[in-house]
There are 2 protein chains.
Amino acid sequence: MTSILVVGSVAYDTVETPFGTAERVLGGSASFFSIAASFFVPVRLVAVVGSDFEQKHVDALAAHRVDLEGLERVEGKTFFWAGRYSYDLNARETLRTDLNVFESFKPRIPQGYRSSSHVFLGNIHPSLQGEVLDQVERPRLVACDTMNYWIEGTPRELRETLKRVDVLLINDAEARQLSGEWNIVKAARAVRKMGPRVLVMKKGEHGVLMFGEQGAFSAPAYPLEEVFDPTGAGDTFAGGFLGYLASVQGTGALDEAALRRAVVMGSTLASFCVEAFSLDRLLKLTRAEIDQRFALFRQLTHFDPA
Amino acid sequence: MTSILVVGSVAYDTVETPFGTAERVLGGSASFFSIAASFFVPVRLVAVVGSDFEQKHVDALAAHRVDLEGLERVEGKTFFWAGRYSYDLNARETLRTDLNVFESFKPRIPQGYRSSSHVFLGNIHPSLQGEVLDQVERPRLVACDTMNYWIEGTPRELRETLKRVDVLLINDAEARQLSGEWNIVKAARAVRKMGPRVLVMKKGEHGVLMFGEQGAFSAPAYPLEEVFDPTGAGDTFAGGFLGYLASVQGTGALDEAALRRAVVMGSTLASFCVEAFSLDRLLKLTRAEIDQRFALFRQLTHFDPA
């Protein structure tokens with residue numbers, strides 16, 4: 001059966017934006033990813049939290065068909081991140097990162113998860129990402145995130161993992177750093193030579209560029225009148241992207257039309273994410289609202305060639 | 001008959017990019033605009049040059065059905081601009097601006113130009129833009145450019161001119177400055193209240209957002225492997241946009257489908273402009289090459305909703 005296995009962080013965030021502050025709210029890449037993907041397929045979460053993790057947050061995830069068998073609870077504190085956004089939300093400063101129980105996280109994949117058809121390797125040590133792949137059977141599709149910290153610090157391990165990845169989702173700065181190419185077309189070609197058949201390059205408010213076997217696809221970010229908190233938008237994009245793809249992908253190769261719709265679905269989910277703090281908007285979202293905004297994306301980008 | 005009247009600068013530019021330097025090459029907003037628009041309709045140029053303006057540049061413009069009756073020649077030197085681009089082409093530094101004969105430019109519209117169906121007011125003093133409109137009969141469409149210098153320095157005059165404009169083409173920073181709104185959706189609404197029914201917001205390498213009566217339209221910049229010199233890209237966009245629109249617009253209202261194709265056509269022309277110094281690429285361009293790249297834009301942005 002189609003289902004997504006996601007490995008990543010579940011965290012508490014304290015976020016300051018020009019519009020207010022949210023203290024110790026639910027965050028982490030795997031949280032945003034899971035809720036976004038859960039609108040399309042069942043999600044199996046592998047992450048670690050501390051003894052301070054609240055039951056209401058367990059309940060929130062469980063209520064969205066996120067399987068929590070792989071959510072490890074250990075003595076200590078949950079990963080904590082604090083950050084502050086600039087007045088225009090375009091820059092953010094990390095005020096504090098306490099890895100806590102996440103520091104010694106070793107993903108253990110429950111037996112029942114091993115046949116998952118789709119895998120999302122969140123932004124963790126590339127060797128751990130590889131160990132996750134060692135524990136799963138024959139996923140139809142492996143998608144992966146990473147960041148500057150691993151690109152700089154563990155390039156060899158990252159290269160090994162990338163050989164086993166179908167879709168890499170990173171931002172434009174990371175693609176430039178990973179490839180050593182400034183030009184994004186050249187950067188994309190170099191990254192795709194490392195393994196991933198598809199590179200999804202996230203550009204924040206400037207949208208997404210996907211590079212695949214059939215060339216490039218460009219999708220804008222939805223022009224919102226109120227952006228409240230950008231935290232988690234990239235992970236939410238990934239969840240919408242992979243969730244949609246898993247829900248429509250047959251057993252065959254990556255289908256270009258489905259990949260393009262998946263990019264737009266990712267952008268759709270991300271556009272809701274930024275409307276409120278934490279997962280507040282995503283947890284209240286309905287499939288009807290998603291489909292409505294997806295249709296608006298077509299209105300935003302469509303032109304008749306003649 | 002359909003034709004575009006353009007008023008703006010014709011200049012000599014010295015441009016330094018990471019790939020080389022071009023000395024005293026043909027530039028100026030009206031030059032780029034005219035050549036781009038000339039692929040679609042006849043263009044009537046109103047500008048001023050000095051006695052140093054070379055015959056080969058007159059010939060280059062004339063060879064592209066640009067009517068030069070309105071190109072005034074006066075004693076002195078042609079407007080000169082020198083600039084240097086950063087290694088990534090994303091920032092540029094003005095090294096020198098010699099207004100020369102452009103300083104006392106007073107656009108005089110030849111009798112034969114006054115019935116032009118479309119008018120493009122290049123980036124000059126807003127009061128001069130208004131005087132141009134006083135001298136034309138009943139244009140079907142008035143498009144306009146401006147810049148931070150006029151937004152700050154002559155806000156009252158600019159507001160008067162904007163009341164008479166159908167389409168304003170400016171970049172995102174200018175739209176924010178003009179409206180006093182950071183959010184681009186709010187900025188667009190505020191600008192459209194000043195007069196223009198359509199705001200075309202240029203975002204350089206991030207493409208274009210058009211705001212009109214039927215909502216927003218987003219088009220990416222074409223992802224090029226080699227960007228050589230961005231000088232003139234915005235003016236070339238405007239020429240492709242308005243040239244295409246003039247070639248298809250009936251006597252009626254602005255047609256949304258045509259406006260969207262015009263945005264893509266502007267982006268198409270701009271993508272050629274940046275492939276070489278000055279107007280070098282545009283002067284060699286063919287209509288077949290334009291149509292081919294226009295089709296690539298559809299491939300780049302199209303997705304099937306289901």
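**Entry 1: the model.** I note at the start that this is a predicted model.

**Entry 2: symmetry.** I superposed the chains: chain A can be laid on chain B with an RMSD of 0.0 Å, using a turn of 180 degrees and a shift of 0.0 Å along the axis. The two copies are thus related as by a two-fold rotation axis. I then looked for the C-alpha of chain A nearest that axis and found A:His206, 3.1 Å from it.

**Entry 3: the contact between chains.** I counted 35 residues from chain A and 35 residues from chain B in the contact. Of the interface residues of chain A, 100% are also interface residues in chain B, so the copies meet through the same surface. The buried area between chain A and chain B came out at about 3300 Å², with 55% of it from carbon and sulfur atoms.

**Entry 4: polar links across the contact.** Between chain A and chain B I find four salt bridges. In one of them, A:Lys186 pairs with B:Glu226 at 3.3 Å, N to O. The count of residue pairs in polar contact between the two chains is 19. I also listed the elements of chain A that supply at least two residues each to the side touching chain B: helix H7 (184-193), strand E13 (215-219), helix H9 (256-273) and helix H11 (287-301). H11(A) gives the most, with six residues. By type, that side of chain A divides into 16 nonpolar, seven polar and twelve charged residues.

Entry 5: I looked up A:Arg260, which is found in helix H9 of chain A. Is A:Arg260 buried or exposed? A:Arg260 is buried, because its relative accessible area is 8%, under the 20% cut-off. Its side chain reaches the backbone oxygen of B:Gln299 at 2.6 Å. Beyond four places in sequence, A:Arg260 touches residues of both chains, including A:Met210, A:Phe217, B:Leu300 and B:Phe303.
A:Ser271 is also placed in helix H9 of chain A. A:Ser271 is buried at 4% relative accessible area. Leaving out residues up to four places away, A:Ser271 touches A:Tyr222, A:Leu224 and A:Arg293.

**Entry 6: B:Asp145.** I placed B:Asp145 in the loop between strand E10 (141-144) and helix H4 (148-153) of chain B. B:Asp145 counts as buried, with 8% relative accessibility. Among its contacts beyond four places in sequence are B:Phe120, B:Gln129, B:Lys202 and B:Asp235. I also checked B:Asp59, which is 86 residues from B:Asp145 in sequence and 26 Å from it in space, C-alpha to C-alpha.

- A:Arg197 and A:Asp166 pair at 2.5 Å, N to O. They are 31 residues apart and link distant parts of the chain. A:Arg197 is partly exposed at 29%, whereas A:Asp166 is buried at 14%.
- B:Arg84 and B:Glu16 pair at 3.1 Å, N to O. B:Arg84 lies in strand E7 and B:Glu16 in strand E2 of chain B, so the pair ties together parts 68 residues apart in sequence.
- A:Glu54 and A:Lys56 pair at 3.8 Å, N to O. A:Glu54 is partly exposed at 37%, and A:Lys56 is exposed at 54%.

Conventions:
Residues numbered from 1 in each chain as written. Chains lettered and ligands numbered in written order. Predicted model: local features only at pLDDT ≥ 70, side-chain atom pairs only at ≥ 80, totals over all residues. Heavy atoms only, no water. Contact = heavy atoms within 4.5 Å. Buried area = accessible area lost by both parts, 1.4 Å probe. Salt bridge = Lys/Arg side-chain N within 4 Å of Asp/Glu carboxyl O. Polar contact = N/O pair within 3.5 Å; in protein donor to acceptor, adjacent residues only side chain to side chain. Helix = DSSP H or I, 4+ residues; strand = E, 2+ residues; numbered from the N terminus. Nonpolar A, V, L, I, M, F, W, Y, C, P; charged D, E, K, R; others polar. Least-squares fit on C-alpha atoms with pLDDT ≥ 70 in both. Buried < 20%, exposed > 50% of the residue type's maximum accessible area, 1.4 Å probe, protein only.
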